[in-house]
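The stops below go from the whole chain to single residues.

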Amino acid sequence: MRRFRLAEQVIEEAAPDLQHALADACRRKIRPFCLCKEPSPAMYIARVGDQYIVKRMPLSGGSHEPSCSSYEPPDELSGLGALMGNAIQVDPESGTAALKLAFSLSKVGARFARAAGAGGADSVVGDTKRLSLRGLLHYLWHKAELTVWTSRWAGKRHWWNVRWHLVEAAGQMTVKGGPLREILLVPEPFRSVDKSAIEQRRAEALASVLPPKSGPRKLMVLVGEVKEFGTARSGYKLIVKHMPGFVFLLDESRHRRLQTRFENEVALWGVDEASHLIAIATFGLSPAGLAVIEEMALMVVAENWVPYESAYEKKLVDALARIRERSVKGLRYNLPPDKPTAAAMLQRQGRPIGLYVVPPSADRSYEDLLEKLIASRPEVDAWMWRVADGEMPPLPYG
């Protein structure tokens, strides 16, 4: 439980008068400090709707005590480290992240040109100067803190709060000089009684990508849960949950490349009914008003919406889901599969623990890179599961 210092007052996060104290501090421009360690890290107060929330200062996650919920693992242990300061540039004052993208948000001409998987979804693997489509999805998931978990949240994470956190995270990101939030479509939780209002709000959001009489067409970014891929009379269609009656079209070439590029994600989703398949796609509207996908990437997440990329990571994610200690799932972003990362971080009092899953295909080069990665952050302990050696060892918690 976090405690904060507001001038001369010390208050706990669960205190019944916290909102009143934060509102007063906000009016008086008092900066809160987190009492997780000394010296106490500075925080700031954000207003979200009618609620006041204490947030860590931009780029300050490492200054908190590892068991504090404001702590952030070192970026270098995931694929994020290579992108910070390059593809992702964070303003230390406002916390806004300017993103450089490897895919287009507009198109010229009547045809939707590139096939999914042929462009930004995977052609920039290893690139540090531009964010791939999958990398953008990973960054949104990370900043929305959907990679964080503790067993105390069991049964409490649903699509409505997943969506809320994604939209809030996008509010702190810009692309091509404009707010990401303005071009991001994350489906509202569907309720039949609100069908007309939901469809009206969606139509208003899509108005920005109605095809102009001339010039480039604008594209939007979809993030949603896949319900199914189906056949259309011409090509294929993507059905997204919470969007009944609305389809996204893919031509045969796009669909084939998508299934090849993300074969593992589709297979992992197919064998676990509790998991979710998340799609991120750029799309535009045809002159006939149909939503047509330009590029697309996929990510599989567990029942608690924490991502994983192999059956081995799924076993780790399931084990972490059962313990009270906070864990943070590491993500790959633009990194290729042969580059090691921390699969997750266990936030423990005193020293955090990096959790590494070494795949059966690991060679000497992979082992050398892993050794250097662990040595680069001596303040972080290491737990390792070498899959080729047998079953997963016990987690270091408690």
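Strands, like helices, are DSSP runs numbered from the N terminus, and a strand needs at least two residues. With that in hand, a loop such as the one between strand S3 (32-34) and strand S4 (43-48) can be located; Pro39 is found there. The model is predicted.

**Whole protein**

Start with everything selected. The protein has eight helices and 22 strands. Along the principal axes, its C-alpha atoms fill a box of roughly 65 × 55 × 40 Å.

Now colour by accessibility. Of the 398 residues, 49% count as buried. The accessible surface comes to about 19200 Å², and carbon and sulfur atoms hold 51% of that area. Among contacts with a separation of 6 or more, 63% are between residues 24 or more positions apart.

Switch to colouring by charge. There are 54 positive and 46 negative side chains, and the centres of these two sets lie 5 Å apart.

**Helix H1 and what follows**

Select residues 18-27, helix H1. Which of its residues are buried? They are Leu18, Ala21, Leu22, Ala23 and Ala25. In an α-helix, residues three or four places apart point the same way, because there are 3.6 residues a turn. Next show strand S1 (3-6), strand S2 (9-12), S4 and strand S5 (51-56), which are among the elements that cover the buried residues of H1. Just after H1, click Lys29 and check its backbone: phi is positive, at about 55°.

**The cis peptide**

Return to Pro39, in the loop between S3 and S4. Glu38 and Pro39 are joined by a cis peptide bond, with omega of about -5°.

**A four-strand sheet**

Select S6, S7, S10 and S11, which form an open sheet in the order S6-S7-S10-S11, with mixed pairing. Strand S6 (88-90) and strand S11 (178-179) are the edges; each has a single partner strand, so one side of each has no neighbour in the sheet. Strands of a sheet pair through backbone hydrogen bonds, either parallel or antiparallel. Zoom in on S6 and strand S7 (residues 97-99), where the pairing is antiparallel over three bridges. Within this pair, Ile88 stands opposite Leu99 in S7.

**Two residues with positive phi**

Go to the loop between strand S15 (236-240) and strand S16 (247-250) and pick His242. Its phi is positive, about 70°, although His242 is not a glycine.

Then move to the loop between strand S19 (327-329) and strand S20 (344-346), where Tyr333 lies. Tyr333 is not a glycine either, yet has a positive phi of about 55°. Its relative accessibility is 2%, so Tyr333 counts as buried, the cut-off being under 20%.

**Last stop: Arg256**

Select helix H5 (residues 252-261) and find Arg256 within this helix. Arg256 is partly exposed, with a relative accessible area of 47%. Finally, draw a C-alpha to C-alpha distance from Arg256 to Arg202. How far apart are the two in space? The distance is 29 Å, for residues 54 apart in sequence.

How values were computed:
Residues are numbered from 1 along each chain as its sequence is written. This is a predicted model: local features need pLDDT of at least 70, side-chain atom pairs count only at pLDDT 80 or more; totals for chains, interfaces and linings use all residues. Side-chain values use heavy atoms; hydrogens and water are left out. Buried means under 20% relative accessible area, exposed over 50%, partly exposed in between (1.4 Å probe, protein chains only). Contact means heavy atoms within 4.5 Å. Accessible areas come from the Shrake-Rupley method with a 1.4 Å probe; for residues, only the protein chains shown count as cover. Lys and Arg count as positive and Asp and Glu as negative; His and the chain ends are not counted. The place of a charge is taken as NZ of Lys, CZ of Arg, CG of Asp or CD of Glu. Two strands pair if DSSP finds at least two bridges between them.
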